[in-house]
Amino acid sequence: MALISKKFNDALNVQIKEELESGYLYLSMSFWLEEQAYHNLANWYYIQAQEEYIHAKKFIDYIIETGGAVELLELKKPKNDWASVKEIIDAGYAHEQHITKCIEDLWELAEKTKELQARTMLQWFIDEQVEEEANATELIDKHKGFKNDMLFDLHTTRAPLAPQ
Ligand code: FE
C-alpha cells in the first residue's frame with residue numbers, strides 16, 4: 001500500500017507545477033536582464049531557475065518513494081515584458097512569498113491527512129523558504145543603495161549551484 005494519500009499526492013503534483021512555474025518565471029527574468037546587459041543579475045536569476053528544478057525533483061522523488069503517482073501539469077506562461085530591474089526584484093520577492101504560503105498549506109494538509117513521513121521533506125522546504133525570502137529581500141535592500149542599475153548589477157554576484 002502506498003505511504004502517500006491521494007489528497008497529498010494531488011497537492012504535491014500541484015506543487016511540482018508551482019516549482020516549475022517558478023523556474024519558468026525566473027528564466028523569463030533572466031533572459032530579459034540578459035537582453036538589457038545586466039549580466040550578473042541575469043546569472044542570479046538563471047541560477048535561481050536551476051534551483052527550482054531541484055525543488056521540483058525533490059517532490060517528484062518523494063512521491064515515487066512513497067508509492068504515489070507523479071503527474072506533470074500544464075505550466076502557466078510567465079510574464080515576459082519586464083519594465084525594470086526594480087519590477088523584477090519586487091516580483092521575485094512576491095513570488096517567493098506565494099511559494100512560502102504553498103508550503104505552509106502543504107504542511108497543514110499533511111497534518112490533516114496524517115502524512116507523518118512527509119515532515120522531514122516539508123521541513124526542508126520550510127527552511128529553504130526562509131533562505132529564499134531572505135535572498136529576495138536582500139536584493140531589494142541592496143538595490144536601494146544604488147542610483148544606477150548597471151552599478152547594482154556589477155555588485156551582484158551569485159556562485160553556481162553546488163552539484164547535488
Ligand atoms: Fe522553489
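## Stop one: charged pairs

Start by selecting Lys79 and Glu87, whose side chains meet in a salt bridge with an N to O distance of 3.5 Å. Keep in mind as you look that this is a predicted model.

Next, pick Lys144 and Asp141. Here the salt bridge is 3.6 Å, N to O. Both residues belong to helix H4, and being 3 residues apart there puts about one helical turn between them. Lys144 is exposed, with a relative accessible area of 63%, while Asp141 is partly exposed at 48%.

Select Arg158 and Glu51, which form a salt bridge at 3.3 Å, N to O. Which parts does this pair tie together? Arg158 sits in the segment after helix H5 (149-154) and Glu51 in helix H2, so the bridge links parts that lie 107 residues apart in sequence. Are these two buried or exposed? Arg158 counts as buried at 17% relative accessibility, and Glu51 counts as buried at 12%; the cut-off for buried is under 20%. In total, the structure holds 10 salt bridges.

## Stop two: the enclosed spaces

Rolling a probe the size of a water molecule over the atoms shows where empty space is left. In this model, there are 2 cavities of 30 Å³ or more.

For the largest cavity, select Tyr26, Trp44, Tyr45, Gln48, Ile89, Gly92, Tyr93, Glu96, Glu132, Asn135 and Ala136, which line it. The elements giving two or more residues to this lining are helix H2 (39-65), helix H3 (85-112) and helix H4 (119-144). H3 has the largest share, with 4 residues. The volume of this cavity is about 50 Å³. Colour its lining by class and you get 6 nonpolar, 3 polar and 2 charged residues.

Clear that and select Trp107, Ala110, Glu111, Glu115, Leu116, Arg119 and Leu122, the lining of the second largest cavity. About 40 Å³ of space lies inside. H3 and H4 each supply at least two residues of this lining, and the largest share, 3 residues, is from H3. What classes do the lining residues fall into? There are 4 nonpolar and 3 charged, with no polar ones.

## Stop three: the pocket

Moving on to the largest pocket, select Ile54, Lys57, Lys58, Asp61, Tyr62, Glu65, Met121, Trp124 and Phe125. H2 and H4 are the elements that give two or more residues to this lining. Which element gives the most? That's H2, with 6 residues. The space in this pocket is about 160 Å³. By class, its lining has 5 nonpolar and 4 charged residues, and no polar ones.

## Last stop: a patch on the surface

Finally, select Ile64, Val70 and Leu72 and show the surface. Together they make a nonpolar patch of about 280 Å². Zoom in on Ile64, which has its place in helix H2. Ile64 is exposed, because its relative accessible area is 55% and anything over 50% counts as exposed.

Notes: Residues numbered from 1 in each chain as written. Predicted model: local features only at pLDDT ≥ 70, side-chain atom pairs only at ≥ 80, totals over all residues. Heavy atoms only, no water. 1 Å grid on protein atoms, 1.4 Å probe; cavity = no way out; pocket = protein on both sides within 12 Å on 5 of 7 lines; lining within 4 Å. Points joined across faces, edges and corners; volume = space filled by probe spheres on them. Nonpolar A, V, L, I, M, F, W, Y, C, P; charged D, E, K, R; others polar. Patch = residues over 30% accessible without salt bridge, like charges linked within 9 Å, V, L, I, M, F, W, Y side chains within 5 Å. Areas by Shrake-Rupley, 256 points an atom, 1.4 Å probe, with all protein chains shown as cover. Salt bridge = Lys/Arg side-chain N within 4 Å of Asp/Glu carboxyl O. Buried < 20%, exposed > 50% of the residue type's maximum accessible area, 1.4 Å probe, protein only.
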